[in-house]
Amino acid sequence: MVQNGVTGILTIVSIAVGVAIPNVLAQKYLKARKERRIQQYLATRHINDGQ
Amino acid sequence: MKQFTLEEKNEVLENPFIHIHRKLDVLLNIGKLLMECGADTNRIIEEMLKAATFMGIPHDYLNIHISYTTIMVNLLHKERSITVFRKTPVHVPNMAMINAVSKLTWRAFERHYSLTTYEQLISKLDSTIPVYPDWIKGIACALGSAGLAFLYSGDMIAFIVTVICSLIGYFGRTLSVRFGCNEYVGIAIGGFAAMVSAYGFYSHIEQDSLVYVLVCCTLFMIPGVPLINSVIDTINNHILSGITRAIRTILIVGSMTLGMAMALYFSPMPAFSFVDIKPHVLSIEQIIGSFTAAASFAVLFNAPVRLLVSIGIGGVLCVFTRNLLAVEFGFSIPGATFVGAAVMSVIYVKVSTWLKTSSTIIIVPSAIALMPGILYYRFLFDILHITHYQSLAYFIWSKTV
């Protein structure tokens, strides 16, 4: 009886951690990549000023 | 109407305090859309901060508090402090919406939208994102549950009967909610209707594989997205939101189990409690079953049509990896499941850039095929029958002493 519950909970934790693996391992890289992209777009904000 | 120059538009987007209430309103709208559509808390905060960057609000000024039913934003700078919040009462997974919010903010950066344009487009998202009609969702639920029956070694007859029973359960639930029943009562009625019909087939047709119908006909009601999000939130220290999501999933599974237990009242020890769902061989049926389950449940989460095949392939990838490790290398189910989900998610982060979509949209529905829904309701079912187990144990003990 308890085995069903324990295996169920362990499996759902495994799925969630597995799904989150790219974020867990490469969080710094993914954030930096996103920040770089934002900065690139912000840098072009004034490109059409004065037109 | 006054026409703003480009410089004036940029000034609005670079000075945080110009139109600050409108900007905070946009942030709340984004948070509300994402929370109601099943995004995890980290993602909601990331999207809100991205939008804040677009609108010129420094992250240091912002304090964002997110719980399952309330989004709260505080802007604090020197002597100024503004706090706004919004309730998020309705929760229906909608992957297309999560994708659309993320894409819209990137587009706003790329095309230099004004605050007004961005604000209007965000507020229109609710009505512009297409949602699958109920009858398609019903068919998807039925196919998803039947796909899981196939995955657990059911045959074609079990597949067809599961489709019929799940459809009955889905329409039982939908009708009861339309008639104004409580959501959890609706789920119990759905579970009851599906299980009564499944038990009818099981007891009148001589076919061993029909036991998989009993096991799988209610699986479409297992709340996969909130379950995954509850763990993701908890391990990211958003404990309040994570625990609330977990309690909601327990309520849903509990209502469903209650409905099923009522349907099986005259069969106190139903066969499904002992059906072995652990994979012992690798087969083509597992590939077909996992593809059908992942792609069909993705419809339930409103994933865009163009992504359904990719999601189905993601389901095959993670289920096949899990089964390979469990069958060939003797891994335990949780261990094999972890590797399966991790392999799929690492590959699909790259695939998402090719498909020009957000990675969550394809990763979360793909992982649904791994969901151990059966174990949850078996566990709750066993709790309901705990007195039976005690008397059984006493009987065995009295015979042996």
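The model is predicted: local features need pLDDT of at least 70, side-chain atom pairs count only at pLDDT 80 or more, and totals for chains, interfaces and linings use all residues. Residues are numbered from 1 along each chain as its sequence is written, chains are lettered from A and ligands numbered from 1 in the order in which they are written, and side-chain values use heavy atoms, with hydrogens and water left out.

**The sheet of chain B**

- Chain B has an open sheet of 3 strands in the order E1-E2-E3, with antiparallel pairing. Helices (H or I, at least four residues) and strands (E, at least two) are DSSP runs, numbered from the N terminus, and two strands pair if DSSP finds at least two bridges between them.
- Strand E1 (62-66) and strand E3 (80-87) of chain B are the edge strands; each has a single partner strand, so one side of each lacks a neighbour in the sheet.
- From one strand to the next, the twist averages 10°. Axes are lines fitted to C-alpha atoms, for helices over the stretch in contact, and angles run from 0 to 180 degrees between N-to-C directions.
- Between E1(B) and strand E2 (residues 70-77) of chain B there are 5 bridges in the antiparallel sense. B:Leu62 has B:Leu75 in E2(B) as its bridge partner.
- Helix H3 (residues 41-54) of chain B packs on the sheet and touches E1 and E2 of chain B, its direction making about 150° with that of E1(B). Contact means heavy atoms within 4.5 Å.

**Salt bridges**

- Over all chains, a search of the whole structure finds 9 salt bridges. Each is a side-chain nitrogen of Lys or Arg within 4 Å of a carboxyl oxygen of Asp or Glu.
- B:Glu36 and B:Lys32 form a salt bridge, with the closest N and O atoms 3.5 Å apart. These two residues are 4 residues apart in helix H2 (residues 20-36) of chain B, which separates them by about one helical turn.
- B:Glu36 is buried at a relative accessible area of 14%, while B:Lys32 is partly exposed at 23%. Buried means under 20% relative accessible area, exposed over 50%, and partly exposed in between (1.4 Å probe, protein chains only).
- B:Asp134 and B:Arg178 meet through their side chains in a salt bridge of 2.6 Å, N to O. B:Asp134 lies in helix H6 (residues 134-151) of chain B and B:Arg178 in helix H7 (residues 156-178) of chain B, so the pair ties together parts 44 residues apart in sequence.
- B:Asp134 is partly exposed at 31% relative accessibility, and B:Arg178 is exposed at 59%.
- B:Asp233 and B:Arg245 form a salt bridge, with the closest N and O atoms 2.9 Å apart. B:Asp233 is in helix H10 (residues 224-235) of chain B and B:Arg245 in helix H11 (residues 239-263) of chain B, 12 residues apart. Both B:Asp233 and B:Arg245 are buried.
- A network of salt bridges links B:Arg43, B:Glu47 and B:Lys50.

**Chain B against chain A**

- The contact takes 40 residues from chain B and 31 residues from chain A.
- The rule finds 1 salt bridge across the interface of chain B and chain A. B:Glu46 forms a salt bridge with A:Lys34, the closest N and O atoms being 3.4 Å apart.
- Elements giving two or more residues to the side of chain B that touches chain A include helix H1 (6-14), H3 and helix H14 (333-354) of chain B. H14(B) gives the most to that side, with 9 residues.
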